[in-house]
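This briefing goes through a single protein chain, moving from its overall make-up to individual residues. Please keep the sequence and the coordinates at hand while reading.

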Amino acid sequence: MTPEIYRSYFLAAMLITPLLSLLIDNSGVTTEKIIAIFLVFSNMLLASLYHQERQKIEVTVMAFPANRHSNYHAHLYFDETTMDHAIELRGMIYTQLGLYVGNLNTKLVGPHPKWSFEIAFTSEEFDMFLPWIDSHRNGLSVLLHPVTGDDLMDHTKYASWLGQPLTLKLSIFTAE
């Protein structure tokens, strides 16, 4: 359990203890019954706090797109001010994760409205890569999309973003 849960539990125990003492002093309820009430209350509180923590975890996990395809691309966007970080990330992705990284594009390429580089990964690497890139991108936008053979659908309906979504130049796909 997290320190927050322990603090909440301790605070609740501190609040209920004087109330239980009043019950003992003024109602003639036995100490054993008071302890039983306290234990039931404590377990209910712990279960509630645990459920709240599980919901937080599930929301975090659900923020990533579902892994429904065999192959994926990620496009990491940068500019002059973030280029050093992009270069560092590109190197880490290749050396630490062993994933394919494309050229460092310091001009506009394809539908991409900013400088970018591509990362290719498979469904087997999906669950490892998404949390990693999300925690290392430091505010940079990342386009995630499957590679299905339908470029327009891949970059629209099937696409997901980490960070601020950018407007892609989709007209290049309809001109084909």
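In which loop is Asp-79 found? Asp-79 is found in the loop between strand 1 and helix 3, where helices (H or I, at least four residues) and strands (E, at least two) are DSSP runs numbered from the N terminus. The model is predicted, so local features need pLDDT of at least 70 and side-chain atom pairs count only at pLDDT 80 or more, whereas totals for chains, interfaces and linings use all residues. Residues are numbered from 1 along each chain as its sequence is written, and side-chain values use heavy atoms, with hydrogens and water left out.

**Confidence and overall make-up**

- The mean pLDDT of the chain is 83, and 65% of its residues reach 70 or more; pLDDT is the predictor's confidence in each residue, from 0 to 100.
- Over residues 57-62 pLDDT stays under 50, and for this stretch the model has zero contacts beyond four places in sequence, a contact being heavy atoms within 4.5 Å.
- Where pLDDT is low, the predicted coordinates should not be read in detail.
- The chain holds six helices and five strands, which follow the pattern α-α-β-α-β-β-α-β-α-β-α when read along the sequence.
- Of the 176 residues in the chain, 31% are buried; buried means under 20% relative accessible area, exposed over 50%, and partly exposed in between, using a 1.4 Å probe and protein chains only.
- The accessible surface of the chain comes to about 11100 Å², of which 59% belongs to carbon and sulfur atoms; such areas come from the Shrake-Rupley method with a 1.4 Å probe, and for residues only the protein chains shown count as cover.
- Among contacts between residues at least 6 apart in sequence, 64% join residues at least 24 apart.

- Five strands form an open sheet in the order 2-3-1-4-5, with antiparallel pairing; two strands pair if DSSP finds at least two bridges between them.
- Strand 2 (100-101) and strand 5 (160-162) stand at the edges with a single partner strand each, so one side of each is left without a neighbour in the sheet.
- Strand 1 (residues 71-78) has seven of its eight residues buried, so it is largely enclosed by the rest of the structure.
- Eight bridges join strand 1 to the antiparallel strand 3 (residues 115-122), and within strand 3 the bridge partner of Ala-74 is Ile-119, while that of Leu-76 is Phe-117.
- Strand 1 also pairs with strand 4 (residues 142-146) in the antiparallel sense, over five bridges, and here His-75 stands opposite Leu-143 in strand 4.

**Helices across the sheet**

- Helix 3 (residues 83-95) lies across strand 1, strand 2 and strand 3, and runs at about 20 degrees to strand 3; the axes are lines fitted to C-alpha atoms, for helices over the stretch in contact, and the angles run from 0 to 180 degrees between N-to-C directions.
- Helix 4 (residues 123-136) lies across strand 1, strand 3, strand 4 and strand 5, and its angle to strand 3 is about 140 degrees.

**Aromatic residues**

- Rings of Phe, Tyr and Trp (its six-membered ring) pair if their centres lie within 6.5 Å, with planes under 30 degrees apart counted as stacked, over 60 as edge-to-face and the rest as tilted.
- By this rule the count comes to six aromatic pairs.
- The rings of Tyr-72 and Phe-126 have their centres 4.9 Å apart and their planes at 50 degrees, so this pair is tilted.
- That pair links distant parts of the chain, with Tyr-72 in strand 1 and Phe-126 in helix 4, 54 residues apart, and both Tyr-72 and Phe-126 are buried.
- Phe-121 and Phe-129 form a tilted aromatic pair, at 4.7 Å centre to centre and 45 degrees between the planes, and both Phe-121 and Phe-129 are buried.
- Tyr-72, Phe-121, Phe-126 and Phe-129 form one aromatic cluster.

- Asp-79 counts as partly exposed, at 23% relative accessibility.
- Leaving aside its neighbours within four places in sequence, Asp-79 is in contact with Lys-114 and Trp-115; Asp-79 and Trp-115 are 36 residues apart in sequence and 6.0 Å apart in space, C-alpha to C-alpha.
- Asn-138, in the loop between helix 4 and strand 4, counts as exposed at 61% relative accessibility.
- Phi of Asn-138 is near 50 degrees, a positive value in a residue other than glycine.
- Most residues other than glycine have a negative phi.
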